[in-house]
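My entries follow the order in which I checked things.

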Amino acid sequence: MIKTAITTFIAIATSLSIFFSSTSKTSYHNLFISTSDNASISQHLFTLTRRPHVAGSQANAEAAAYVLSTLDSYDIPSHIASYDVLLTYPVSRSLTLTRPPPDSPTTFDLCQEIYNGDPYADVADEVLPTFHAYAKSGTVSAPAVYVNYGRVEDYAILKGMGVNVSGTVALARYGKIFRGDIVENAYDAGAVGVVIYTDRKDYGGGGGGAKWFPDDKWMPPSGVQVGSVFRGTGDPTTPGWPSTGTCERLSDVEVEQRNDVPHIPSLPISWADGDAIMRSIGGLVAKDDWQGGIDAPVYRVGPGPGIIELSYTGKKVISTIENVIGIIEGAEEPDRFVILGNHRDAWTFGAVDPNSGTAAMLEVAQRLGTLQKRGWKPRRTIVFCNWDAEEYALIGSTEWVEENREMIASRVVAYLNVDIAVQAAGFHASATPQLDELLKQATQQVQDPDNASQTIYEAWVGSSKSNEPMIGRLGGGGSDYAAFVQHIGVPSVDMSFGKGYPVYHSMYDDFTWMKKFGDPMFHRHVAAASVWGLVALKLADEELLPFNYLSYSHELQKSAEELKEQVSSKGINLVPLFNSIEKLKRAATKINNQRKIYAPSKHNDYGSKSFPGVDDAIEKATSLNTAESWRLVQHEVWRVSRAVTHVSLVLNGKLT
């Protein structure tokens, strides 16, 4: 009887302890939401974007010092994790268009223009000349051919029209797929060079008298979207291991043999220059959905008669990059980590990409610093990671993950990424499925920054017939979550307000654009920080991790059904795949941890696929339509079935 009474007492005491602990944590979470400060966010963004700060530059090192000192001021112990990595910079570039006589050749100046009253005119010369990072150096001269967005399906359409791309310079417009894939697809089609322009239809307001920055949000005629064309992740010279000290490095020849770097030269150009080239192209008229906007010429596919001479020379430099790491140590489970990540480096001023995210991260840190002063301590450790050299190839995050691989694999609860916090109205999120419900819960607790009468969740759901928000999947290499999702299998989230903005990766992504068009009152920044921090707090404080385990099996079931429709007439046996998913569904009801199998499609690094190997095999088989190519589709089905089965065994935690 006494033993029973003592046992009962202990049980009651334990439950009361958990109850009061939970209640206390909830009050701190509510305090976190209420202690917002849009003025400090604005000031952080203004400071971070005063100068262009590309990776490897002195300005970016100064930005790192600012982040470090700010975290320290919030009583968050911080340090620098540095790596010596391969970066590239432009040395020279030129682009000349030769038309049939009597027109004289045009040599483009390839310059982004400052405007009257530009507050950043004094540092405009610090902006790097427009280029593609890791572009191949070389000079080519060939007829121009218009390839739309440069997708695999676009080249298939050209082939069907009888257009021979081999030996040409491909003119592609930005959009739809990663620029590195645009270059690779052009090479695969036989092109000798690539020019990628910003089409006014997509980024310049569409024509018809539309204004552009600084009078409106649209890309000016001289605006150029720069970026990387490296198709891998991390330092190209240290694939799979960190770039620390006197480490092993691949030679230039070995890097090229890995096929992640482009084989033909390329340049990014403005929509004004792209328009001039387009007017020099004859041949068949392009499809309706390949055409430009109002006032655009009729788009034809060529080749020629316009001839493009493209020349680019770059330099390769081993440069030091700096990740800033801040840590709030957990009280009960200090060896379990919740990581918040954002990169700091920018191609130019980076007010939207990425420093709206950096400013929001510092806001989260400030609020958590306030909670600490009120007595709060997280159950698990919270880690702030401000990455460097993301724009080049997700380098800072990848090198850090490679260096800390075993620690991350065994101890990280989740990785929460905000690359761009604010680019426009409307909340968007992508995640691995077990975090879906947590995102919904967090957005239900934060007010919509554009409509005070509703929550972010209510705005997010909008008029959806399913009454559920649209949550994307993290399959591509679009941001720093890639190393965590694809290398380690860590549950991850990426979120932002808005989805795309016209001055992306150009000189006009500055504080003025953000203040006038992106978020004039910085309320969206505040809301982004609130959701980001609240998700982190729930993961760090709740005794049982708030994961939804069945989401994976539901997601894979849906993808498998879609796959069935694609291959139903090809004799592909999907029974092993459906059986493995059923095993996963049963295992998922018993466990509280699982791994991720999403990945990018081969020809679109921004895309997300549940079964990337199967999808790529189907794409190839559809093109070749041979028995062997369809046999390889079946092989990929067996491979993914075995992978899902292995996940089930791990989740069950039992040996066979």
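Are α3 and α9 roughly parallel or roughly antiparallel to each other? I noted before answering that this is a predicted model, in which local features need pLDDT of at least 70, side-chain atom pairs count only at pLDDT 80 or more, and totals for chains, interfaces and linings use all residues. Residues are numbered from 1 along each chain as its sequence is written, and side-chain values use heavy atoms, without hydrogens and water.

**Entry 1, helix packing.** I found that helix α3 (residues 58-73) and helix α9 (residues 355-373) pack at an angle of about 15°, with their axes 10 Å apart. They are therefore roughly parallel to each other (angles under 35 degrees count as roughly parallel, over 145 as roughly antiparallel). In the contact (heavy atoms within 4.5 Å), Y66, V67, T70 and L71 of α3 meet T358, L362 and A365 of α9.

I then looked up helix α2 (residues 38-48), whose axis comes within 10 Å of that of α3 and crosses it at roughly 155°. That makes α2 roughly antiparallel to α3. Q43, H44, T47 and L48 of α2 make the contact with A63, Y66, V67 and T70 of α3.

The peptide bond from D353 to P354 is cis, with omega near 10°, and P354 lies in the loop between β10 (333-343) and α9. N467 has a positive phi near 60°, and at 54% relative accessibility N467 counts as exposed (over 50% relative accessible area, with a 1.4 Å probe and protein chains only).

How values were computed. Axes are lines fitted to C-alpha atoms, for helices over the stretch in contact, and angles run from 0 to 180 degrees between N-to-C directions. Helices (H or I, at least four residues) and strands (E, at least two) are DSSP runs, numbered from the N terminus. Angles under 35 degrees count as roughly parallel, over 145 as roughly antiparallel, 65 to 115 as roughly perpendicular and the rest as oblique. Buried means under 20% relative accessible area, exposed over 50%, partly exposed in between (1.4 Å probe, protein chains only).
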